[in-house]
Amino acid sequence: MKTEKRKVVLIGTGMVGMSYAYCLLNQNICDELVLIDIDKKRAEGEAMDLNHGLAFSGSHMKIYAGDYPDCQDADIAVICAGVAQKVGESRLELLKRNKEVFRSVIRPVVESGFNGLFLVASNPVDLMAQIACQLSGFNPRRVLGTGTALDTARLRYLLGEYLHVDPRNIHAYVMGEHGDSEFVPWSQAMIATRPICDILGKGGSENPVQMEELDRISQEVRGAAYRIIEAKRATYYGIGMAMARITKAVFGDENSVLTVSAFLCGEYGQTGIFTGVPCIINQNGVQRVLQLNLTQEELQQFEASSRVLRESLRELSE
């Protein structure tokens, strides 16, 4: 993939899409940003608003409202289009409504001659990434969903608060469906190089860690989106920053480990589904899925989460 120009096409200029666009501008992540929306006037207004802030940024981005032919030479097509999640509505309940939206989006992107990477943020994201892959016919390594990247960031933030440790020095992951069946493999959670499970219940000069507190934190992570939606109707800042981080890893050819929705080909005993797993991300997309050494109980949790996704796909095809 050519990255000299670093061109992003953003499809869907709602709150999630524009939070992402604002991050791109402030962090100078790309050189050219095209905004596409079914409401063309909205896209034009958003482009104008962003352009008016260029003088205050360190960026020289070219930002404009466009259409699907602009995808032809883009490096990344980012899909935020879709219907909004309602209060109390699970991510899986969005599937049927958003699949029809994707039919109207993926086809014109591919027909433009686009040969880059798809980054999917629309919910339910694991299933929408799978649908994007199927509709586009792209190699699954070139289709990424935001997966549990934000959930993992939430986890590290809450663990940092609990343990009084900088979240950047906490290495822990949320895996599986970005939704109700996601789980935390605590056997893989570490402070620097020390497993958190090694200090469970220890006192002394160390911060005592209780399994009950870890369970509370994992539940808080799992329910965070619902609480935010109840309070302010939508989540967008956190996911926008997560998308920007993934984009930065692609353009920088970083080989960074991020928990994205990726297609599994036998990893963790699962095949044929997109789900949230730690992956090495570079300019080619998913370089490889990083397989962690999960316990038997954690593998069972992963299987249960995968089953939820498979059942949804099966119901969709009926």
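1. The expected span of a helix is 1.5 Å times one less than its number of residues; helices (H or I, at least four residues) and strands (E, at least two) are DSSP runs, numbered from the N terminus. Helix α1 (residues 15-27) has 13 residues and should therefore span 18 Å, which agrees with the 18 Å between its end C-alpha atoms. Asparagine 28, with a positive phi near 50°, follows α1.

2. This is a predicted model, in which local features need pLDDT of at least 70 and side-chain atom pairs count only at pLDDT 80 or more, while totals for chains, interfaces and linings use all residues. Residues are numbered from 1 along each chain as its sequence is written, and side-chain values use heavy atoms, with hydrogens and water left out.

3. Rings of Phe, Tyr and Trp (its six-membered ring) pair if their centres lie within 6.5 Å; planes under 30 degrees apart count as stacked, over 60 as edge-to-face and the rest as tilted. The structure holds 7 aromatic pairs. One of them, tyrosine 236 with tyrosine 237, is edge-to-face, at 4.7 Å centre to centre and 75° between the planes. Tyrosine 236 counts as buried because its relative accessibility is 13%, whereas tyrosine 237, at 53%, is exposed.

4. Phenylalanine 263 and phenylalanine 274 form a tilted pair, because their ring centres are 5.4 Å apart and their planes lie at 55°. Both residues are buried.

Conventions. Buried means under 20% relative accessible area, exposed over 50%, partly exposed in between (1.4 Å probe, protein chains only).
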